Amino acid sequence: MRILKMKNSLIIAIVTRVTVVMTLTWLLGCALALLVMQDEMGEAFDSGLQQTAHRILPLAVDYLFEHGDGPAPHRMPVTNSVPNDEFVAYQIRDAKGAVLVQSFEAGIGAFSAP
């Protein structure tokens, strides 16, 4: 009987240790996957923002050349085909930091920028 109890306690100890080690390894793997995924998503969003800026800038500069004689900041007109909820708010500033052109969602003041 005593050998059977020792055998059971040894099995319980081994199973407990293996379970704890596997659980910790799994949690560490999940944490690392989360960090990598967060970094990749940040890169994807940054890339999307850059592509949007490259597409908007020529339109805003053309608008500024056509309507640049009025008081700044100018607001780009919104067509009927575009919904009122813009997902990207933008501003174009001159070298002194004055806002030249901005979207409707940009608000009144200039964005804080480094």
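Where is Ile-92 found? Ile-92 sits in strand β2. We will come back to it.

First, the ground rules. This is a predicted model, where local features need pLDDT of at least 70, side-chain atom pairs count only at pLDDT 80 or more, and totals for chains, interfaces and linings use all residues. Residues are numbered from 1 along each chain as its sequence is written, and side-chain values use heavy atoms, with hydrogens and water left out.

Now the layout. The chain has one helix and three strands. From the N terminus, the order is α-β-β-β. Helices here are DSSP runs of H or I with at least four residues, strands are runs of E with at least two, and both are numbered from the N terminus.

Next, the surface. The chain exposes about 9700 Å², and carbon and sulfur atoms supply 67% of that. Areas come from the Shrake-Rupley method with a 1.4 Å probe; for residues, only the protein chains shown count as cover. Of the 114 residues, 11% count as buried. Buried means under 20% relative accessible area, exposed means over 50%, and partly exposed is in between (1.4 Å probe, protein chains only).

Back to Ile-92. Is Ile-92 buried or exposed? Ile-92 is buried, because its relative accessible area is 17%. What does Ile-92 touch, not counting residues up to four places away in sequence? Its partners are Leu-57, Ala-60, Ala-98, Val-99, Leu-100 and Val-101. Contact means heavy atoms within 4.5 Å. Ile-92 and Leu-64 are 28 residues apart in sequence, and their C-alpha atoms are 9.7 Å apart in space.

Take one partner, Ala-98. Ala-98 is in the loop between β2 (91-93) and β3 (99-102). Its relative accessibility is 38%, so Ala-98 counts as partly exposed. Leaving aside neighbours within four places in sequence, Ala-98 contacts Ile-92 and Arg-93.

Finally, two patches. Patches are made of residues with over 30% relative accessible area and no salt bridge; like charges are joined within 9 Å, nonpolar side chains (Val, Leu, Ile, Met, Phe, Trp, Tyr) within 5 Å. A salt bridge is a side-chain nitrogen of Lys or Arg within 4 Å of a carboxyl oxygen of Asp or Glu.

The nonpolar patch is Leu-10, Ile-14, Val-18 and Met-22, with about 400 Å² of accessible area together. Met-22 lies in helix α1. Met-22 is exposed, because its relative accessible area is 53%.

The negative patch gathers Asp-39, Glu-40, Glu-43 and Asp-46 on the surface. Asp and Glu count as negative, Lys and Arg as positive; His and the chain ends are not counted. Each charge is placed at NZ of Lys, CZ of Arg, CG of Asp or CD of Glu. Glu-43 is in helix α1 (residues 2-67).
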